[in-house]
Amino acid sequence: MSRTALRICPLCEATCGLTLTIDDGRVTGARGDRDDVFSKGFICPKGAAFGAVDSDPDRLRTPLVRVDGELREATWEEAFDAVAAGIRPVVERHGPHAVGVVLGNPNVHTMAGALYPPLLIAGLGTRSLFTASTLDQMPKHVSSGLLFGDANLIPVPDLDRTDHLLLIGANPLESNGSLCTAPDFPGRLRALKARGGTLTVVDPRRTRTARLADRHLAVRPGTDALLLAAMAHTLFDEDLVDLGGCAPYVDGLNELGAALRDFTPEAVSAACDVDAETVRALARELAAAPTAAVYGRIGSCTVPHGTLASWLVDVLNVLTGNLDRPGGALFPQAATDRTPRPAGPGRGFALGRWHSRVRRHPEAKGELPMSALAEEIDTPTDEGEPVRALVAVAANPVLSAPDGDRLDKALGSLDFMVSVDPYLNETSRHADVVLPPPPPAQSPHHDFALNTLAVRNQVRYTRPAVPLEPGRMAETEILARLVLAATGMHGADPAAVDDLVVGRTLAKAAGDPHSPVHGRDPKELAALLGGGSGPERRLDMMLRLGPYGDGFGAEPGGLTLEKLLAHPHGIDLGPLRPRLPQPLKTRSGKVELLPAPIAADLPRLRAALAERPGGLVLVGRRHLRSNNSWMHNVPALTGGSNRCTLHVHPDDAGRLGVRDGQQVRVRGAGGEVTALAEVTDAVRPGVVSLPHGWGHDRPGTRTRHAATDPGVNVNQLLDGSLLDPLSGNAVLNGVPVEVAPVAEAVTETSGALT
């Protein structure tokens with residue numbers, strides 16, 4: 001018998017509402033939920049393939065435990081016994097930092113991934129934390145931390161009201177947006193143009209987004225910060241700076257102008273390959289627009305000056321009076337945010353509170369660079385213990401991080417490894433224990449992190465669309481039990497993890513004079529919580545304590561889980577609103593335009609004015625039907641244009657003797673791969689492009705469809721030595737490579753490789 005159920009899509013950052021068709025407990029169809037308050041029926045190919053993702057036959061159904069060198073099916077009890085027996089001795093013999101934790105991108109898309117990994121890290125007491133953030137977005141966190149005092153306080157473009165949008169290194173028509181949660185991002189851009197607005201795209205590739213733009217600037221890869229600095233210089237030089245309503249909340253304006261004095265349009269022109277008058281025109285158009293927003297993403301983050309580029313994005317928003325105003329860039333207010341506190345100075349944001357052992361990389365936001373994971377495992381030093389045990393949650397760094405071959409070998413040398421993953425992939429194949437979460441239809445969903453980046457304030461929650469299959473364990477319970485097993489409390493009731501969090505949170509709130517429950521009894525408050533599980537009780541608590549909550553009765557009519565469940569398509573909380581100075585947590589209580597770490601890194605950017613890299617440089621690319629490597633195992637999300645080919649400009653192809661469809665060898669500092677050439681003018685001359693997430697040809701995996709067309713791992717061309725120094729983010733774009741037909745000797749040489 002057929003029925004329908006609602007589900008928020010977890011397959012990318014757009015968080016679209018879905019209506020699932022379910023037959024005999026199996027998802028057989030998915031369409032957009034037209035009544036969803038946020039996505040209003042929009043769906044992309046990934047969402048349409050939800051049923052195929054959910055029922056992939058290669059998804060693991062039972063835990064695996066390594067016995068005599070071989071992974072075998074086991075009971076949940078046996079699996080968690082093995083976790084406790086593997087991790088605790090490492091902690092006791094070598095200390096907590098000898099246990100590494102690796103968190104992959106999918107963690108941000110599940111309730112379990114939001115609620116439990118922080119408890120695991122705190123319970124272990126480890127500083128050996130590595131996440132996907134240092135492969136794509138850490139520069140934005142660091143720049144926001146330095147500017148605003150909070151690494152998670154990221155302004156997003158007000159897409160629905162802006163008159164002028166400048167996109168730097170972003171391709172939302174294929175990515176659906178990133179660090180900017182916006183269902184139907186393509187439709188919102190078309191609406192911008194339909195109302196007479198302007199779209200400008202800066203990207204070395206003529207992407208689908210660039211083809212929609214009024215102006216496309218094919219900048220030289222890696223020079224985004226120079227371009228943005230010259231635009232800011234122009235605003236000062238031509239007296240176009242106007243801070244607007246945020247003027248009282250900004251510090252360091254004069255110092256900023258002086259710091260950018262050398263970055264004239266003429267000075268950056270040759271390095272960026274953009275003429276000076278075009279740079280000035282970009283700045284003037286931004287200043288003249290009634291409202292405008294600058295938005296930079298992965299292409300501007302995964303470069304040598306990623307943090308400076310991310311900082312300059314918001315500097316331009318400030319200098320044109322577009323920060324914190326409708327139509328500009330505003331700070332979302334999620335329903336599960338903490339109770340707003342009065343404006344005033346905060347603790348600020350610090351970098352480098354500890355360092356990695358081998359290359360002494362400073363931590364950023366509590367994390368070490370993912371590029372350093374292999375060396376932290378395989379390189380002994382006099383400075384502390386190497387990582388001897390690893391907990392990987394929804395992570396496949398063998399494909400997503402630089403130099404997967406080295407990391408592959410390093411993982412094989414660990415004393416113990418546990419992986420929470422639905423697949424036996426290139427990384428989890430090394431685990432001693434694999435704990436498989438259920439398919440997404442069998443899990444609840446609320447977007448804790450992504451709602452803090454949404455272009456409209458709203459709140460939605462969906463319970464599991466279908467019940468857990470026999471033998472399955474909820475992902476929330478898996479991670480709760482993992483926390484217990486890894487922290488010396490193996491065998492305790494997993495509900496105790498949620499109870500502990502509820503008790504501590506309510507006790508802290510009751511003692512906070514700014515909280516709506518100040519002075520109340522935490523036990524009495526806990527008894528008022530609704531929900532059918534520990535995670536739901538925690539969600540109810542966060543909603544009730546949050547900025548729209550009922551304050552446990554203090555604000556009648558406010559948000560509760562019960563109210564949210566009564567609105568299955570979500571509750572609209574209105575457009576983004578100006579919030580300054582309340583959310584600022586800098587020591588001054590203001591936006592600090594020129595933080596000391598930024599000022600200290602500017603000489604490195606000045607040196608880049610003279611750089612003229614020769615030869616070819618590599619950039620990545622995204623496919624509309626692919627977000628992470630595991631999506632290549634779903635037939636509906638592969639094929640067609642979703643192919644692992646090397647894009648080469650016709651001019652470069654002619655010079656190199658490369659023909660369309662020919663096998664070519666690509667060599668970088670980390671190794672070489674062989675790929676099919678696709679000759680296209682979608683890339684500018686001097687640039688080649690390989691997509692992310694491929695390379696499914698390693699033995700011991702169980703992703704059968706992906707193995708039929710494995711592609712090549714673009715990150716194997718990198719050796720992990722290139723990082724943005726402030727954030728530790730890997731440099732994945734604008735790196736030198738050599739390209740030649742397979743049958744011929746390498747002829748294109750970059751000086752950086754010789």
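The following legends describe several close-up views of a predicted model.

**Figure 1. Three strands form an open sheet with antiparallel pairing.** The strands follow the order S1-S2-S3. Strand S1, residues 2-8, and strand S3, residues 26-32, are the edge strands, and each of them pairs on one side only. On average, neighbouring strands of this sheet are turned by 30° against each other, direction ignored. S1 is joined to strand S2, residues 17-23, by seven bridges in the antiparallel sense. Within this arrangement, Ser-2 is found opposite Asp-23 of S2.

**Figure 2. A salt bridge connects Lys-585 with Asp-150.** Side chains of opposite charge can pair when their charged atoms come close. In this pair, the closest N and O atoms are 3.4 Å apart. The two residues belong to distant parts of the chain, 435 residues apart. Lys-585 lies in the loop between strand S19 (571-575) and strand S20 (591-592), whereas Asp-150 lies in the loop between helix H6 (138-148) and strand S8 (156-157). Lys-585 has a relative accessible area of 39% and is therefore partly exposed. Asp-150 is counted as buried because its relative accessible area is 18%, and the cut-off for a buried residue is under 20%. The count for the structure comes to 43 salt bridges.

**Figure 3. A salt bridge between Glu-266 and Arg-280 belongs to a network.** The closest N and O atoms of Glu-266 and Arg-280 are 2.9 Å apart. Glu-266 is part of helix H12, residues 265-272, and Arg-280 is part of helix H13, residues 276-288. The two positions are 14 residues apart. Glu-266 is partly exposed, at 48% relative accessibility, while Arg-280 is buried, with a relative accessible area of 13%. Through salt bridges that share partners, Glu-238, Glu-266, Glu-277, Arg-280 and Arg-284 are joined into one network.

**Figure 4. Arg-406 and Asp-378 form a salt bridge between two helices.** Their closest N and O atoms are 2.8 Å apart. Arg-406 is located in helix H18, residues 404-412, and Asp-378 in helix H16, residues 373-378. The partners are 28 residues apart and link distant parts of the chain. Arg-406 is partly exposed, with a relative accessible area of 33%. Asp-378 is also partly exposed, with a value of 32%.

**Figure 5. Trp-76 and Phe-80 form a stacked aromatic pair.** The structure holds three aromatic pairs. In the pair shown here, the ring centres are 6.2 Å apart, and the angle between the planes is 25°. The pair counts as stacked because planes under 30 degrees apart are placed in that class. Trp-76 and Phe-80 are four residues apart in helix H3, residues 76-94, so about one helical turn separates them. Trp-76 is buried, with a relative accessible area of 10%, and Phe-80 is buried at 4% relative accessibility.

**Figure 6. Phe-148 and Phe-331 form an edge-to-face aromatic pair.** The distance from centre to centre is 5.2 Å, with 85° between the planes. Phe-148 belongs to helix H6, and Phe-331 to the loop between strand S14 (329-330) and H16. These residues link distant parts of the chain and are 183 residues apart. Both Phe-148 and Phe-331 are buried.

**Figure 7. A cis peptide bond joins Leu-580 to Pro-581.** The omega angle of this bond is near 5°. Pro-581 is located in the loop between S19 and S20. The loop between S19 and S20 also holds Lys-585, the salt-bridge partner of Asp-150.

**Figure 8. Asp-68 and Lys-365 have positive phi values.** Phi of Asp-68 is near 55°, and phi of Lys-365 is about 60°; neither residue is a glycine. Asp-68 lies in the loop between strand S4 (64-67) and strand S5 (70-73). With a relative accessible area of 73%, Asp-68 is exposed. Lys-365 lies in the loop between S14 and H16. Its relative accessible area of 27% makes Lys-365 partly exposed.

Technical notes:
Residues are numbered from 1 along each chain as its sequence is written. This is a predicted model: local features need pLDDT of at least 70, side-chain atom pairs count only at pLDDT 80 or more; totals for chains, interfaces and linings use all residues. Side-chain values use heavy atoms; hydrogens and water are left out. Two strands pair if DSSP finds at least two bridges between them. Axes are lines fitted to C-alpha atoms, for helices over the stretch in contact, and angles run from 0 to 180 degrees between N-to-C directions. A salt bridge is a side-chain nitrogen of Lys or Arg within 4 Å of a carboxyl oxygen of Asp or Glu. Buried means under 20% relative accessible area, exposed over 50%, partly exposed in between (1.4 Å probe, protein chains only). Rings of Phe, Tyr and Trp (its six-membered ring) pair if their centres lie within 6.5 Å; planes under 30 degrees apart count as stacked, over 60 as edge-to-face and the rest as tilted.
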